[in-house]
Amino acid sequence: MSTAGPEQSAQPVEAAVPGRYELVLPPGWVRIPLREGTKEALEQILFSHMGRVPEGIPRDDAMRFRLDMRRQLEKQARAARRNGGLDLYLPVLPRGGIFLMASFIVAEMPIGREHTVPPEAVIARLADDDVPGGTAGTVDVAGAPALRRAYRCALDEEEQQAALPTRRVDYVIPVPDDPGRWISINFSTPGDGDVDSEFTDVLVELFDAVVGTFRWSDE
């Protein structure tokens, strides 16, 4: 993956719902909280993180570009919140002169608070569910079993007219010391337009690396 502009270190992020967690974001990525503080986060992104625009956009069109980006971010945030989203993460700085088309959402899972069902049993049952054209299996996240699903989003003909096919990866993680409560981390990207390209594979690997930094915090 190419880079542009001054080097930035990966940024640690802390969030508190439904339990405080931490993860390390790649350079140029930001967190948008979805339960509160969403408007303020969008304002900061618009005026602090988007001083540069992709190559090829005239300077006179820079403000229009930023306003278009704000509308897109607001639309993404509303959709994520409706689906139980807690936090939305996405890149806001260009890399190699382009903006990456990718995002992931941390959300509460409506699995149900069945205290008698061990998390391992829930994960095993979810792993057995059919994932058309994809894979599912148990992985370790923050020192505990979790589920990872990888698949391609199937689009019908009407949707294909307005959206690109996407590669998706979901992690399903039990909340420690809170039986029956779960979160998911859901990643989506069209990559470079080819969901099977090496570039798209790199974006998926980047997301997996971010999840590898996920930790629950006692603070």
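# Notebook: salt bridges, cores and rings

I searched the whole structure for salt bridges and found 6; the criterion is a side-chain nitrogen of Lys or Arg within 4 Å of a carboxyl oxygen of Asp or Glu. The model is predicted, so I note the conditions: local features need pLDDT of at least 70, side-chain atom pairs count only at pLDDT 80 or more, and totals for chains, interfaces and linings use all residues. Residues are numbered from 1 along each chain as its sequence is written, and side-chain values use heavy atoms, with hydrogens and water left out.

**Entry: overall counts**

I looked up the secondary structure and got 5 helices and 10 strands. These are DSSP runs numbered from the N terminus, helices being H or I of at least four residues and strands E of at least two. The protein has 219 residues, and 41% of them count as buried. For burial I used relative accessible area: under 20% is buried, over 50% is exposed, and partly exposed is in between (1.4 Å probe, protein chains only). The protein exposes about 12,200 Å², of which carbon and sulfur atoms supply 50%; the areas come from the Shrake-Rupley method with a 1.4 Å probe, and for residues only the protein chains shown count as cover. I also checked contacts, meaning heavy atoms within 4.5 Å. Among those between residues at least 6 apart in sequence, 56% join residues at least 24 apart.

**Entry: salt bridges one by one**

Asp 87 and Arg 31 meet through their side chains in a salt bridge, 2.8 Å from N to O. Asp 87 sits in strand 4 (residues 85-91) and Arg 31 in strand 3 (residues 29-33), so this pair ties together parts 56 residues apart in sequence. Asp 87 is buried at 2% relative accessible area, whereas Arg 31 is partly exposed at 28%.

Next I took Arg 181, which forms a salt bridge with Glu 108; their closest N and O atoms are 3.0 Å apart. Arg 181 belongs to the loop between strand 8 (167-174) and strand 9 (182-189) and Glu 108 to strand 5 (residues 103-108), so the pair ties together parts that are 73 residues apart in sequence. Arg 181 is partly exposed, with a relative accessibility of 23%, and Glu 108 is partly exposed with 24%. I also found that Arg 35, Glu 108 and Arg 181 are linked in a network of salt bridges.

The side chains of Asp 208 and Arg 148 meet in a salt bridge at 2.9 Å, N to O. This pair links distant parts of the chain, with Asp 208 in helix 5 (residues 198-211) and Arg 148 in strand 7 (residues 144-152), 60 residues apart. Asp 208 counts as partly exposed at 23% relative accessibility.

**Entry: nonpolar cores**

I defined a nonpolar core as a set of buried Ala, Val, Leu, Ile, Met, Phe, Trp, Tyr and Cys residues joined through side-chain atoms within 4.5 Å. The largest has 26 residues, and those touching the most other members are Leu 23, Tyr 89, Phe 104, Tyr 171, Ile 185, Phe 187 and Phe 207. At least two residues each come from strand 2 (21-25), strand 4, strand 5, strand 7, strand 8, strand 9 and helix 5. Helix 5 gives the most to this core, with 5 residues. Apart from it lies another core of 13 residues, including Leu 34, Leu 42, Ala 77 and Ala 80.

**Entry: helix 3**

Which residues of helix 3 (residues 119-128) did I find buried? Val 122, Ile 123 and Leu 126 are. They cover an arc of only 95° around the axis, so they lie on the same side of helix 3; the arc is that of the directions from the helix axis to the C-beta atoms. The cover over the buried residues of helix 3 includes strand 6 (135-141), strand 7, strand 8 and strand 9.

**Entry: aromatic rings**

I found 7 aromatic pairs. Rings of Phe, Tyr and Trp (its six-membered ring) pair if their centres lie within 6.5 Å; planes under 30 degrees apart count as stacked, over 60 as edge-to-face and the rest as tilted. Tyr 21 and Phe 214 have ring centres 5.4 Å apart and planes at 20°, so this pair is stacked. Tyr 21 lies in strand 2 and Phe 214 in the loop between helix 5 and strand 10 (215-216), so the pair ties together parts 193 residues apart in sequence. Both Tyr 21 and Phe 214 are buried. One aromatic cluster is formed by Trp 29, Tyr 89, Phe 104, Tyr 171, Phe 187 and Phe 207.
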